[in-house]
Amino acid sequence: MSSPAAAAPVTANQPAGILSGDKRVPLVKVRNLKKHFPINSGLIIQRQVGAVKAVDDISFDVYTGETLGLVGESGCGKSTTGRTVLQLYKPTSGSIEFEGHELTTMKPDELRKMRRRMQMIFQDPFASLNPRMSVGNIIAEPLRVHKIYDNKQEMLEFVEDLMQKVGLNPYYVNRYPHEFSGGQRQRIGIARALALKPSFIVADEPISALDVSIQAQVVNLLEDLQSEFNLTYLFIAHDLSMVRHICDRVAVMYLGKIVEFGPIDEVYENPQHPYTHSLLSAVPVPDPDIERNRQRIILTGDVPSPARPPLGCNFNTRCPVAVPGICYQEPDPELLEVSPGHWAACHRVLPF
Amino acid sequence: MGVLMEVKHLVTRFHTQEGIVYAVNDVSYKLNEGETLGVVGESGSGKSVHALSIMRLIPSPPGRIENGEVFFQGRDLLQLPNDQMRLVRGAEIAMIFQDPMTSLNPVLTIGTQLTESLKLHMGMNEKDASARAAELLGMVGIPDAQRRLKNYPHQFSGGMRQRVMIAMALSCNPKLLIADEPTTALDVTIQAQIIELVKKLRDQFGMAIIWISHDLGVVAGLADTVQVMYGGRIVERGPAGDVFKDTRHPYTLGLLKSLPRHDRRQQNERLIQIEGQPPDMRIPPVGCPFYVRCPMRIEGLCDKQMPPLIPGPESGSPDHIKACWVDVRTGKTLTEDIPASVQAEVQNV
């Protein structure tokens, strides 16, 4: 399965997420995706001495019109996954199919055309906007790059219309990013992503840099735009409360692998993997009564380095229920379907 | 429990090229010994600047504490000479910050940085200080403490660095620990570890804590008293249970409603958002800072007159105070609090 061209068939151990009788069409099909960053050593003659396995053999589908959440702690590979799916990083191996086209083997000029259909919203609204460009120019840039409009006036009208749609006053079209607050800047980033009328948007932590009272505004906007333009989102976040609100299905990542995957309510109400369990129990709830009486699973230690993942299950260094033997030896646990559409990669989900 | 600290009419402003930034506008409260106070607010609410003002760590210029008193164990900290204030910082009031990497010196070992305050404030010699430092590291859950003293900050992970900061803060048994967004830069599982550690150390040392955060959930689990700040003012304050369960200010209510919950089903529900943008702190404070965004605002009253921070007539407890002219349950104006001069005006509206 190392050949990127060969899209692997959906086998029993792949969380394609196809519910029985589900006739929805996947917009994005990711199979056995790997992204390893080489670690080089040596001053003059560089030699590869290892690899950071940021994304290590993951497979999933994103259906048209749904929001798939990708959650995990920093360093788990969720952002790398998002960027690799959009071909901003070249994958080490694996296949990514988008609207029926294989992206990993596509020629650069074809890929550029494809990029109109898939866009990205970034986390930091301060770093992702060019401070020397006016808002109008920032939003119009993708239109210029892809030569959508010949007529400048038409383009300007389109940009102003788009600003209106994302809740920005078109009157500010000639202003610069520093004149806007964080929430408004994120709206500019969203307008830029929407300019080419994409069908698929990767939103990489779009609300984590925003104030609490602004987060709900941006999430509501993303949901409104989704229903208006029939958008499909890959929503990358670490805020598990917001993920539950916005996502239809969720994939939990740990050290470059998907450890649990399934419909949102199913995963949150009936978590199967001990990592998902402890992650959910660590999220604070704004209710003092619940907080005082909650039993928390406090994980010990930190996430191991993805350059040196532990032998056996990646979670075994922090797992509260790891058993000697099977959890500490290869092979890694495989994703198993515990209930329709709900997958977990843990030896403990099976009676043994 | 006696009063440990009393802040009275604190006003801090920054005189910048773009004009005066009205960061903290007349903040007053009392903090009891051993009490954990959660200060909640968004960026620009004045929550951090008010804490830095207490510590007299406001960069000056451009910042200036323009008014107020901070009585800490009988002395007004704002009037202390610099050398005496230096003895208070670290020894009696300690502070930890959001980003431990920028608060630790990258070119000194953890041991050097930990023993510095022990030698300065406690008069220990090198040997005693180093033994105490190792003991402190062990207490905050850093394994192999003796050897780790020789390590530099970059050799620790984010969560471990925050533990080092906590060890450093507690090294001189402070009466008050001010924690400014200490878990914001950390992952949730690490955040849970740090909160658990702080709870344990609080019981062990008995210090009072001012925990500053934008995360209502973190504060709910930790604080005895919750203080909500907006636009440089306290808008609501009271026992944690009252503020979260019997909310009396439209801003607090809006925040709580806008938060999705991970422990509840909520498909196809729209989040209830607070409209508008955070306030521009360069505009001089007149009236309620939340006025422009408030769904219950009363024109001619809320934009003209800052409501007093008092227990409203509808309030269940004298400790639960809020600064709002409106009863959030009914949307009716609380006229009995309004000074006679304004009352006539309101009746005309």
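Two strands count as paired if DSSP finds at least two bridges between them. With that in hand, here are some close-ups of this predicted model.

**View 1. Ile93(B) and its partner across the strands.** Ile93(B) stands opposite Leu176(B), a residue of β7(B). Around them, β6(B) runs parallel to β7 of chain B (residues 176-180), and the two are joined over 4 bridges.

**View 2. The open sheet of chain B.** Step back, and 7 strands come into the picture, forming an open sheet with mixed pairing. Their order is β6-β7-β8-β3-β9-β10-β11. At the edges sit β6 and β11 (321-322) of chain B, each pairing on one side only. Helix α1 of chain B (residues 47-54) packs on this sheet, where it touches β3 (36-40), β6, β7, β8 (208-213) and β9 (225-230). The directions of the helix and of β8(B) make an angle of about 145°.

View 3. Leaving aside residues up to four places away in sequence, Arg89(B) touches Met55(B), Arg56(B), Leu57(B) and His121(B). For a sense of scale, 23 Å separates the C-alpha atoms of Arg89(B) and Val107(B), which are 18 residues apart along the chain.

**View 4. Confidence along chain A.** Chain A has a mean pLDDT of 87, with 93% of its residues at 70 or more. Residues 1-21 of chain A have pLDDT below 50, yet this stretch has 40 contacts in the model beyond near neighbours in sequence.

Note on methods: Residues are numbered from 1 along each chain as its sequence is written. Chains are lettered from A and ligands numbered from 1 in the order in which they are written. This is a predicted model: local features need pLDDT of at least 70, side-chain atom pairs count only at pLDDT 80 or more; totals for chains, interfaces and linings use all residues. Side-chain values use heavy atoms; hydrogens and water are left out. pLDDT is the predictor's confidence in each residue, from 0 to 100. Contact means heavy atoms within 4.5 Å. Axes are lines fitted to C-alpha atoms, for helices over the stretch in contact, and angles run from 0 to 180 degrees between N-to-C directions.
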